Amino acid sequence: MEKIKNKLKSVRVKLFLTFSTAILLIVVVLILLNNIVLETFYLYNKKNTLKLVYSQINDYYNNPQSDINLEEELEKIAIKNNFDILISSDNNTSVYTSDENFYATLGQMRSMVTRFYIGRDEVLEKGNQYSIKQMKDTRTGINYVLLSAKLDNGYLLYIRIPITLIKESVKISNEFLYLIAIITILLGGILGSIISRRFTEPILELNDIANKMSKLDFSHKYKVTDIDDEINNLGKSINTMSDTLEKTIKQLRSSNSELERDIEEKSRIDEMRKSFISDVSHELKTPIALIQGYSEGLLENVNSDEESRKFYAEVILDESNKMDQLVKQLLELMKLEYGKREFNNKQFNIVELEKEVLRKTHVMLEEKEVKVQYNEDKKINVYADDFYIEQVITNYLTNAIKHVKEVDGEKYIKIENIVDTEKNKVIVKVFNTGDNIDEENQDRIWKRFYKIDESRNRNDGGTGIGLSLVKAIMNNYNNAYGIKNKYNGVEFYFELDIDE
């Protein structure tokens, strides 16, 4: 039911029903006019014809012409108009008759009026010398229109015309109109459907475009034709509006994206500022307290000997250097985490870089009496910023040196490179013998300032943000990094893109 209601609401159905109803009304009006007007018009026409013939015959007698045969003319008039004409003298003597049966009624003319019946409106028209009546011959049942008139020469003129045929004509005409009505309604319905479809299809297309526009879909456009009409002009306007809206919305989206980026950037900067202040204020408490304590000791001459004062000064310098290193690393970490650092990527040999890092940490390795297993000599070119990759390797290696322990009589650090040809990457691994890292701590060690209990020692020179720097650098390259516990130690790893 709902589907039918929706169908009836459509423009196509309304146009079709309107067109069909208009055709039906026209046919009904034609039938009504045929029933009501045709007979009246017929009688009106015949009355005028009767008066015209009466005037013509009167003229023939008033102005006789030698070259005209009056009887022949009267016969032509009778045949042409389907008239029965009777002319008699004043003593009822027949002068002319076109029909003997009509003439036979001459002796009964006086009783004709009483024998003929037409109803209440017997006299149709009456003049000075003539009268026109509608009559019915009771003997034959035929209806007539009878003109009786007196000519200027004294003759009596009677002209009758049967009108029974007009009723039959009206009946036949009505039947024909019924047939025409059925054919017209069928053809009109088909034609109305075609016309309604022709007119509604572009309207439906425009409606579909408008619906898509309301959903911000401007991909569909109206197909403009060469026809200069209102629908085509509306289609042009819709296309223009679609283009304008699409352009405006794109501009708004672009402006909104820029605004969102500005807001996000502002939020990131604010977050970075808060985080930096929080981290610095937290981590600088101890070195500031140490510097303050040893400075006060120097000022108050707690130890007067030169060696003690030198020790105090060295502690102050050491803590100052640690503070400087901490602040610099924090700034670097912030820039990496918030995308403010540009990388100077280039091709370089990762093996050479690893050897350089080992050379720099040689003293630390000797102090810890750690053996290094590293036998790489094959050239492996990678594409990255060598400065930051050096920091990653250094942090992994120094972290391994700090935590290396003897296990099963072995104490060593191992560095190796595994080439993954499928991913076109090299996996750099740094392993040290020692204690495993608890699973719950494996995620925490990448957070800034987080230290496992054993490494919480200020003498090791660590700041607690080395692995955080590794995480930030690898995230910028979208490369994997992580930690794996082995049966005799811990392995840290990271990936780099190979550059052939």
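How many of the 5 residues of E1 are buried? In this predicted model, local features require pLDDT of at least 70 and side-chain atom pairs count only at pLDDT 80 or more, whereas totals for chains, interfaces and linings use all residues. Residues are numbered from 1 along each chain as its sequence is written, and side-chain values use heavy atoms, with hydrogens and water left out.

In strand E1 (84-88), 5 of the 5 residues are buried, so the strand is largely enclosed by the rest of the structure. Here buried denotes under 20% relative accessible area, exposed over 50%, and partly exposed the range in between (1.4 Å probe, protein chains only); strands (E, at least two residues) and helices (H or I, at least four) are DSSP runs numbered from the N terminus. In a regular strand the side chains alternate between the two faces of the sheet. Both faces of E1 are covered, with Asp84, Leu86 and Ser88 buried on one side and Ile85 and Ile87 buried on the other. E1 pairs with strand E6 (residues 156-162) in the antiparallel sense over 5 bridges, pairing being assigned if DSSP finds at least two bridges between two strands. Within this pairing, Ile87 has Leu157 of E6 as its bridge partner. E1 is also joined to E2 by 3 bridges, again antiparallel, and Leu86 is there partnered by Thr97. The loop between E1 and strand E2 (94-97) contains Ser89, which is buried at a relative accessible area of 11%. Beyond neighbours within four places in sequence, Ser89 contacts Val95, Tyr155 and Leu156, where contact means heavy atoms within 4.5 Å.

An open sheet of 5 strands has the order E8-E10-E11-E13-E12 and mixed pairing. The twist averages 20° from one strand to the next. E11 and E13 run antiparallel and are joined by 9 bridges; Thr433 stands opposite Gly489 in E13. Asn432 also belongs to E11 and is buried, with a relative accessible area of 4%. Not counting residues up to four places away in sequence, Asn432 touches Ala400, His403, Val404, Tyr412, Ile413, Asn488, Gly489 and Val490.

H12 lies across E10, E11, E12 and E13, at about 175° to E13, while H13 lies across E12 and E13, at about 30° to E13. These angles run from 0 to 180 degrees between N-to-C directions, with axes fitted to C-alpha atoms, for helices over the stretch in contact. Of the 18 residues of H12, 13 are buried, so this helix is largely enclosed by the rest of the structure.

The largest nonpolar core comprises 40 residues, of which Ile350, Ile389, Tyr396, Ile413, Phe492, Phe494 and Leu496 touch the most other members. Such a core is a set of buried Ala, Val, Leu, Ile, Met, Phe, Trp, Tyr and Cys residues joined through side-chain atoms within 4.5 Å. Elements giving two or more residues to this core include helix H10 (350-360), helix H12 (386-403) and strand E13 (489-497), and H12 gives the most, with 8 residues. A second, separate core of 25 residues includes Ile57, Phe83, Tyr96 and Ile163.
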